[in-house]
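This report describes a structural model chain by chain and contact by contact. Please consult the sequence and the coordinates while reading.

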Amino acid sequence: MALIELTHVKKSYAQKKTAVHAVNDVSLQVEKGDIYGIVGYSGAGKSTLVRLLNGLELPTDGDVVINGQNILALKNKELRNFRKKIGMIFQHFNLLWSRTVIQNIELPLELAGVKKAQRRQKAKELVQLVGLEGREDAYPSQLSGGQKQRVGIARALANDPEILLCDEATSALDPQTTEEVLELLLSINKKLHLTIVLITHEMNVIRKICNKVAVMELGKIVEEGSVQAVFSNPQQAVTKRFVQQDLEPEEDPEELRQAFLRENPHGRLVTLTFTQDNANEPVISQAIRQFKIDVNVVYGKIQQTNEGSFGALTVLLTGDTKEIDQAVAFFGSQQVAVEVIEGGE
Amino acid sequence: MGNKTFSETYLNFEQIDWGNMQQATIDTLFMTFFSMVLVIIIGLLLGLALYSLGRKSTTGASVAYNIVSIVSNAFRSTPFMILMVLIIPFTTLLVGSFLGAKAAIPALVLSAAPFYARMVEIAFREVSPGVIEAAEAMGASYWEIIYKIVIPESVPALISGITVTTISMIGYTAMAGAIGAGGLGSLAWQEGFQRGNYTVTLVATVIILLIVFILQGLGDFLAKATDKR
């Protein structure tokens with residue numbers, strides 16, 4: 001049995017006349033040791049979904065089973081004790097400004113009734129784990145964003161949880177700090193065999209540390225699977241947008257496309273997405289040899305993920321329409337996803 | 001002032017009975033201090049009740065919230081002089097007399113406690129909801145959230161509230177002087193105005209101002225010292 005099992009979970013809120021379904025019939029499984037990413041735009045229901053995992057929200061329908069325990073079966077006090085075994089970190093860190101770093105980390109231990117000396121000891125170990133030695137007695141206001149999130153992580157780990165929930169944990173951080181925090185998460189995932197469920201709207205977060213991903217839209221999971229599979233072959237429009245967000249170069253390529261099309265009005269602009277398996281194959285040169293077409297590279301990008309590389313290449317195909325059609329079909333047969341941008345009729 | 005000069009009116013220190021002045025100062029401080037102790041206790045409890053009831057969304061809680069809120073608003077907004085006169089029978093029952101410093105305390109508490117309660121409620125409400133959610137995620141119970149999160153995180157605001165309430169309380173004690181509560185207000189009124197010794201009034205005013213400045217300074221210092229934001 002998976003560590004986290006959601007079956008047909010719904011969460012709705014009554015608003016004046018209509019019910020709002022924040023989470024609408026979601027089923028998912030997270031295995032022990034997974035770093036499971038849930039990606040979606042704001043309003044997709046991912047915040048509610050992650051709060052269903054520690055009972056901050058209770059499902060209106062369906063079952064949430066964590067480690068064999070159905071959350072709905074827990075009474076108040078049992079639910080509170082159950083939460084002590086699930087850590088959570090937040091976008092805005094949610095530290096107590098009135099407590100120092102070490103006191104913040106001790107809070108969950110206090111709540112769990114751990115004795116003072118043991119508390120200190122454990123908190124000190126955690127300070128080391130997250131690399132905040134020397135800052136124990138600083139107040140949160142004296143720390144940078146990245147340091148605050150480290151405190152948040154240390155605090156979340158205080159009661160030795162099996163699961164860590166991350167609610168947009170890097171969204172308030174700059175790219176450099178995001179990188180550092182993600183590395184920390186990855187290292188504690190390995191070191192402590194911790195299962196991590198994270199929600200984000202940033203695709204690069206998923207790409208860098210997750211092994212599984214679910215894409216959420218309007219309260220539903222529209223696509224799910226290994227990061228590699230979902231990234232290299234996105235099915236849903238929203239997933240494609242996310243993958244695109246991550247692949248697109250910083251500058252807007254629209255102008256570039258237009259310029260190419262002006263020069264070659266009969267060409268066809270396509271984006272080819274390569275997966276780990278065929279990224280190293282000379283698919284394009286094979287196509288050029290087999291069909292009477294010319295290939296002009298417009299722009300491209302290759303990404304490293306946790307498990308391998310994949311990339312997208314936007315090219316302009318020129319030649320006979322028939323030849324181009326055959327080439328596109330050939331790409332498809334080589335497991336390269338083809339998206340026609342312009343000139344496809 | 002009649003045909004007296006300014007200094008004859010306001011700086012005629014020979015008129016002052018410093019023993020009386022000292023006693024009046026002590027009376028004012030006594031009334032303020034004792035009332036404030038009660039105001040802080042009652043205000044914290046009442047403020048906590050308002051905060052807790054305001055957070056719940058059940059009908060019962062919202063009815064209870066409105067009742068507490070209306071009653072406390074009523075006491076808070078009734079002009080102090082009227083409130084004091086209004087509750088004379090109650091005061092007599094409680095402290096045995098409606099005269100003297102002790103007799104002023106029920107009215108002072110009744111008008112200032114709801115005032116402070118409102119400030120407590122506001123202070124509690126300003127605690128970051130995110131921090132409270134974090135505590136809930138850690139498995140904190142309701143009371144643990146109150147005494148480990150909500151109270152510590154609102155200490156500077158609670159202190160500022162005490163400062164403001166204490167200062168307006170000193171103003172009330174002066175009014176209480178009118179019904180024989182004693183204190184600097186009473187001295188300024190009886191000795192100063194009724195007998196025409198304006199110097200007494202001026203000195204009483206200066207002492208009250210000194211007390212207010214010291215309290216304000218102390219309050220600001222403590223609020224700042226406890227604020228680590």
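## Confidence and conventions

Chain A has a mean pLDDT of 89, with 96% of its residues at 70 or more; pLDDT is the predictor's confidence in each residue, from 0 to 100. The model is predicted, and local features need pLDDT of at least 70, side-chain atom pairs count only at pLDDT 80 or more, and totals for chains, interfaces and linings use all residues. Residues are numbered from 1 along each chain as its sequence is written, while chains are lettered from A and ligands numbered from 1 in the order in which they are written.

Helices (H or I, at least four residues) and strands (E, at least two) are DSSP runs, numbered from the N terminus. Where pLDDT is low, the predicted coordinates should not be read in detail.

## The contact between chains A and B

In this model, 19 residues of chain A are in contact with 19 residues of chain B (C-beta atoms, placed from the backbone, within 7 Å). Helix H2 (76-83), strand S6 (86-90) and helix H3 (101-111) of chain A are the elements that each give two or more residues to the side of chain A that touches chain B. H3(A) supplies the largest share of that side, four residues.

By class, the side of chain A that touches chain B has nine nonpolar, six polar and four charged residues. Here Ala, Val, Leu, Ile, Met, Phe, Trp, Tyr, Cys and Pro count as nonpolar, Asp, Glu, Lys and Arg as charged, and the others, Gly among them, as polar.

## A helix pair in chain B

The axes of helix H6 (residues 101-125) of chain B and helix H9 (residues 155-176) of chain B come within 10 Å and cross at roughly 155 degrees. Axes are lines fitted to C-alpha atoms, for helices over the stretch in contact, and angles run from 0 to 180 degrees between N-to-C directions. H6(B) is therefore roughly antiparallel to H9(B) (under 35 degrees counts as roughly parallel, over 145 as roughly antiparallel, 65 to 115 as roughly perpendicular and the rest as oblique).

Residues making this contact include B:Leu108, B:Phe115 and B:Met119 of H6(B), and B:Leu158, B:Met169 and B:Tyr172 of H9(B). The contact of H6(B) with H9(B) has 14 nonpolar, four polar and no charged residues.

## Helix H10 of chain B

In helix H10 (residues 184-194) of chain B, the buried residues are B:Leu184, B:Gly185, B:Ser186, B:Leu187, B:Ala188, B:Glu191 and B:Gly192. A residue is buried if 20 or more other C-beta atoms lie within 10 Å of its own, exposed if 12 or fewer, and partly exposed in between, with C-beta atoms placed from the backbone. Their cover includes helix H2 (18-55), H9 and helix H11 (198-226) of chain B.

Key. Contact = placed C-beta atoms within 7 Å.
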